[in-house]
Amino acid sequence: MKFCLALPLLASSVVAYAPQPLKSSVSDVDSAVSINGWTADESKFCAGLPGAIAPLGDFDPLGFSQGLSLQEVKRYREAEVTHGRVAMMATVGYLVAEKFHPLFGGQITGPANSHLGQVQEVAPFFFAFLAASIGLAEIFRSTVGWEKPTDALVKNQEIEGKTWLSKLNDGYYPGDIGFDPLGLKPSDASEYEQMQTKELQNGRLAMIGAIGMIVQEQVSGQTLF
């Protein structure tokens, strides 16, 4: 199951944005609006969003971003940031949980690929609570970053590269759902750009690392170490 869930991680790790002219329309994201210090520039790589650094620079060998509207570029970035965060947590989980598993009386053992299934068997109520918590977190993210499906359906009629029932809010910065309990988000635009770039780079590395660990355990049937 985890192997199937990891496939989007691998796909999104490949997605970066080429410096192709972006499609635009009257109802697309207003390029004059500044969000977290970023003002969309359709002439720049990835509309000027952070994340491109040496030595790869403007890396998009498969051309995923060619001809995309600004709205779609933001949606791709939202997916990349989200999958990167999940992968970073998964990577830590794999490295730690196989050696240190005090919960549930130490009954959860073996390859991390099997841990979730074991939790469902050993503690079904906790598993249900975990699934519900993930669902609530996703609902919260959707209410912050996305238009209501009925509104999106209307607005997407005027946008090239439409996604019908899904559309990010025009004033939403990809990945910024307002969750910052430790107050780490910089107020300075340049510092925020640097932090966003670091998060993206770590997330991309984690996606590659996570899929490597998942595949290794799936093939070998053994723990990583």
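Colleague: Which residues is Gly203 in contact with, leaving aside its neighbours within four places in sequence?

Modeller: In this predicted model, and leaving aside neighbours within four places in sequence, Gly203 is in contact with Gly84, Ala87 and Met88.

Colleague: And where is Gly203 found?

Modeller: Gly203 is found in helix α6, which covers residues 189–220, and at 2% relative accessibility this glycine counts as buried.

Colleague: Let me step back for a moment. How many helices and strands are there in the chain?

Modeller: The chain has six helices and two strands, and from the N terminus on the elements run α-β-β-α-α-α-α-α. Of the 225 residues in the chain, buried residues make up 35%. If you look at contacts in the chain between residues at least 6 apart in sequence, 68% of them join residues at least 24 apart.

Colleague: Which residues are in the largest nonpolar core?

Modeller: That core has 12 residues, namely Ile35, Trp38, Ala40, Phe45, Cys46, Ala47, Leu49, Leu68, Leu70, Val73, Tyr173 and Tyr192. There is also a second, separate core of five residues, which includes Tyr94, Ala112, Ile214 and Leu224.

Colleague: What about Ala47, buried or exposed?

Modeller: Ala47 is buried, with a relative accessible area of 0%. Ala47 is likewise found in the loop between β2 and α2, and it has a positive phi of about 55° although it is not a glycine.

Colleague: Which residues does the cis peptide bond at Pro55 join?

Modeller: The cis peptide bond joins Ala54 and Pro55, with omega at about 5°. Pro55 lies in the loop between β2, which covers residues 38–39, and α2.

Colleague: Changing topic to charges: how many salt bridges does the count come to?

Modeller: The count comes to 10 salt bridges. As background, side chains of opposite charge can pair when their charged atoms come close. One of the bridges here is between the side chains of Arg77 and Glu80, which meet at 3.3 Å, N to O.

Colleague: Why are Arg77 and Glu80 separated by about one helical turn?

Modeller: Because they are three residues apart in helix α2, which covers residues 70–97, Arg77 and Glu80 are separated by about one helical turn. Arg77 is buried, with a relative accessible area of 2%, and Glu80 also counts as buried, at 2% relative accessibility.

Colleague: What does Glu147 form a salt bridge with?

Modeller: Glu147 forms a salt bridge with Lys155, and the closest N and O atoms are 2.9 Å apart. Glu147 counts as buried at 13% relative accessibility, whereas Lys155 is partly exposed, with a relative accessible area of 35%. Salt bridges that share partners join Glu147, Lys155, Lys167 and Asp170 into one network.

Colleague: And which residue does Asp176 pair with in a salt bridge?

Modeller: Asp176 forms a salt bridge with Lys185, the closest N and O atoms being 2.8 Å apart, and Lys185 counts as partly exposed at 38% relative accessibility.

Colleague: One last topic, helix packing. At what angle do α3 and α4 pack?

Modeller: Two packed helices are described by the angle between their axes and the distance between the axes. Helix α3, residues 115–122, and helix α4, residues 124–145, pack at an angle of about 125°, and their axes are 5 Å apart. That angle makes α3 oblique to α4.

Colleague: Which residues meet there?

Modeller: From α3 they are Leu116, Val119, Gln120, Glu121 and Val122, and these meet Pro124, Phe126, Phe127 and Leu130 in α4. The residues of this contact of α3 with α4 divide into seven nonpolar, one polar and one charged.

Methods: Residues numbered from 1 in each chain as written. Predicted model: local features only at pLDDT ≥ 70, side-chain atom pairs only at ≥ 80, totals over all residues. Heavy atoms only, no water. Axes fitted to C-alpha atoms, helices over the stretch in contact; angles between N-to-C directions. Helix = DSSP H or I, 4+ residues; strand = E, 2+ residues; numbered from the N terminus. Parallel < 35°, antiparallel > 145°, perpendicular 65-115°, else oblique. Contact = heavy atoms within 4.5 Å. Nonpolar A, V, L, I, M, F, W, Y, C, P; charged D, E, K, R; others polar. Salt bridge = Lys/Arg side-chain N within 4 Å of Asp/Glu carboxyl O. Buried < 20%, exposed > 50% of the residue type's maximum accessible area, 1.4 Å probe, protein only. Core = buried A, V, L, I, M, F, W, Y, C linked by side-chain atoms within 4.5 Å.
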